[in-house]
Amino acid sequence: MKNFKNLLFVALLLMSATVLGQTKITGTVVDDMNQPLPGASVLEKGTSNGTETDFNGKFTLNAQSNSGTLVISFI
């Protein structure tokens, strides 16, 4: 039982370290006429971490703290 408690503690510690290394990014993707772009892809550059904008062009993405560039594409 003690080993299980120790294992659980270590697992929770590792999960919290992962969460602390992330930043929540929110925004709105618009076109050159300032109209929202629903369905645009928003990716953290160099990763497969991404999301898609909603009907109003808004998005939320949990990215690594040290990431510097978002790649946005729309077809």
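In which loop is N34 found? N34 belongs to the loop between β1 (22-28) and β2.

The model is predicted: local features need pLDDT of at least 70, side-chain atom pairs count only at pLDDT 80 or more, and totals for chains, interfaces and linings use all residues. Residues are numbered from 1 along each chain as its sequence is written, and side-chain values use heavy atoms, with hydrogens and water left out.

**View 1. The chain and its elements.** The chain has one helix and five strands, where helices (H or I, at least four residues) and strands (E, at least two) are DSSP runs numbered from the N terminus. Along the sequence these elements follow the pattern α-β-β-β-β-β. Of the 75 residues, 13% count as buried; buried means under 20% relative accessible area, exposed over 50%, and partly exposed in between (1.4 Å probe, protein chains only). Among contacts (heavy atoms within 4.5 Å) between residues at least 6 apart in sequence, 52% join residues at least 24 apart.

View 2. The phi of N34 is near 65 degrees, a positive value in a residue other than glycine. Most residues other than glycine have a negative phi. N34 counts as exposed because its relative accessibility is 58%.

**View 3. Surroundings of T53.** T53 sits in the loop between β3 (50-52) and β4 (58-64). With 5% relative accessibility, T53 counts as buried. A polar atom of the T53 side chain lies 2.6 Å from the backbone oxygen of L37, and the T53 side chain also reaches the backbone nitrogen of A40 at 2.9 Å. Such polar contacts are pairs of N or O atoms within 3.5 Å; within protein, one must be able to donate a hydrogen and the other to accept it, and residues adjacent in sequence count only if both atoms are side-chain atoms. Leaving aside neighbours within four places in sequence, T53 is in contact with V29, L37, P38, G39, A40, V42, K58 and F59.

**View 4. The largest nonpolar core.** Six residues make up this core: V29, L37, A40, V42, F59 and L61. A nonpolar core is a set of buried Ala, Val, Leu, Ile, Met, Phe, Trp, Tyr and Cys residues joined through side-chain atoms within 4.5 Å. Beyond its neighbours within four places in sequence, V29 is in contact with Q35, P36, L37, A40, V42, T53, G57, F59 and I72.

**View 5. The open sheet.** Three strands are arranged in the order β3-β2-β5, with antiparallel pairing. Because β3 and β5 (70-73) stand at the edges with a single partner strand each, one side of each has no neighbour in the sheet. Neighbouring strands of this sheet are turned by 15 degrees against each other on average, direction ignored (axes are lines fitted to C-alpha atoms, for helices over the stretch in contact, and angles run from 0 to 180 degrees between N-to-C directions). Strand β2 (residues 41-44) pairs with β5 over four bridges; two strands pair if DSSP finds at least two bridges between them. Opposite L43 stands V71 in β5.

**View 6. T23 and A63.** T23 is part of strand β1 and, at 34% relative accessibility, counts as partly exposed. The C-alpha atoms of T23 and A63 are separated by 5.3 Å, although these residues are 40 residues apart along the chain. Apart from neighbours within four places in sequence, T23 is in contact with L61, N62, A63 and S65.
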